Amino acid sequence: VMKARHQSVKYFAVKYTEFFVRNGLIYLPLLVFIFILPNFWTLLLFLGYTSSLIAIFLRYFTTTYRIEADTLTLTTGVIAKTTLKLKQAELSHTLSNFRVEQTIYQKFFRTQGIQIYLNNSTTEEAIEFFALTPEQLAQLQEFLAAFQPATEIVTENKASLIEKSQADFLTIVKTGLISTRYLAYLALVLQLEEQFPQLQRFFDLTALWFWAVLVSGALLFSLAYHYISFAKFSLWETEHNFIVKNHFFTTDQNTIPKSAIVGLELTSDLNRRLFKLTCITAILANSDTDQDENRSKNFLFPLLPTHELLPTLARYFPRIPRELFELPSYRPKVRYQLGYLLKIGILGASLYFILQFFMSWLSALGVIVTGMLLLSRLLFEPLTTRMAHTPDYFIFTSGLINKRTYILPRKMLASIKTTDYLDIIVGSTLTFTTTDGKTIRLLSTDENIL
């Protein structure tokens, strides 16, 4: 009987290298600021990153696998331990996908990883092994080979390239230069501006150079991240599968069975909206649409011209009825929208009043504005959500700056609950919970809209 096995000790080298490279632009300045400009916010951020380092260390000891005859036992979880037993004969029902991956960090340390996605998974993330020895990888691949849809050999003579999935250089660059990520810098910039005289004692900086470094750094980081994400992206199609390839730094090939796609997410962030582009993402039975890391694995058309959206859906997703886009959407009454805005305004004013005791009025205002912008999806979702439905599908659209549209089959709605907030002023909120754990909130007082 095989004992439970950990992945290779190269895991530590791979994960810590990846962490410091990805977060170096933020983490290293924090190490400087924590000593030069000690305050509550830099300390809080520093503790947050330190906890991530500890979690990486613990995850090695809590993620194991064991193969016994026809059963694969997977154990994962740092705080809450999860144990899953997969029968080899039932893989076609229990698995939605698995993928072997070799990122630039794994290439450097000569190792590979594997990610296992489950149907109707109760875990929010894929079960991942980041550093496997050749022997371990062969063991897992041999066991998972019974999962036929995901093990289809992808060769160019069997798979056809979908050209509209690729974006040209100019499109990638112009969308990469515009990003709502810049809002995340606002609170930090306001803090640094107030303490700029203190910085000058340690660094020979003029105000012009100070702002030039901040602005150019944000632009270059956003552009580089965007270009690496989509420059080598392509979508291929076989009779039963979509194959997503992205070979910039990562030997990354993700096979998604067409039958596993239960819904779609259409995203028009600020940069895409300005240039009339849309991103189509597959929603799988086990997908967690709030996890950016997992969502990026299921991109199908990341920079699709909006005028090609409906023809693309008709060609590749024929089960989705076109009438969804033609139905009138439900909109809450204006007086309930104003009441909801009043509630958010009172919340923001209360937080601002409290923060003024701990920092200047400018910093407090910066924290409140930045927080509301970054949490706009959570705060304003009930206010901005629109809904329409057919007997079999729902379509939800929400967002002020970044618009998201979810197309979901009715069977994915696990529950619908009503929450009342002073009915006369604000109205009630309908909360739709999907089978994969996502919640969508809609401001409503009409019980018959369903």
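Exposed here means over 50% relative accessible area, buried means under 20%, and partly exposed lies in between (1.4 Å probe, protein chains only). This is a predicted model, in which local features need pLDDT of at least 70, side-chain atom pairs count only at pLDDT 80 or more, and totals for chains, interfaces and linings use all residues. Residues are numbered from 1 along each chain as its sequence is written, and side-chain values use heavy atoms, leaving out hydrogens and water.

**A three-stranded sheet**

- Helices (H or I, at least four residues) and strands (E, at least two) are DSSP runs, numbered from the N terminus.
- Three strands form an open sheet in the order E1-E2-E3, with antiparallel pairing; two strands pair if DSSP finds at least two bridges between them.
- At the edges lie strand E1 (64–68) and strand E3 (82–87), each pairing on one side only.
- Strand E2 (residues 71–76) and E3 run antiparallel and are joined by six bridges.
- Opposite Leu-72 you will find Leu-86 in E3.

**A helix on the sheet**

- Helix H5 (residues 134–144) packs on the sheet and touches E1, E2 and E3, where contact means heavy atoms within 4.5 Å.
- The direction of H5 makes about 55° with that of E1; axes are lines fitted to C-alpha atoms, for helices over the stretch in contact, and angles run from 0 to 180 degrees between N-to-C directions.

**Two residues with positive phi**

- Ala-69, in the loop between E1 and E2, is not a glycine, yet its phi is positive, near 55°.
- Ala-69 counts as exposed because its relative accessibility is 78%.
- Lys-276 sits in the loop between helix H10 (270–274) and strand E12 (277–284), and has a positive phi of about 55° without being a glycine.
- With a relative accessible area of 64%, Lys-276 is exposed.
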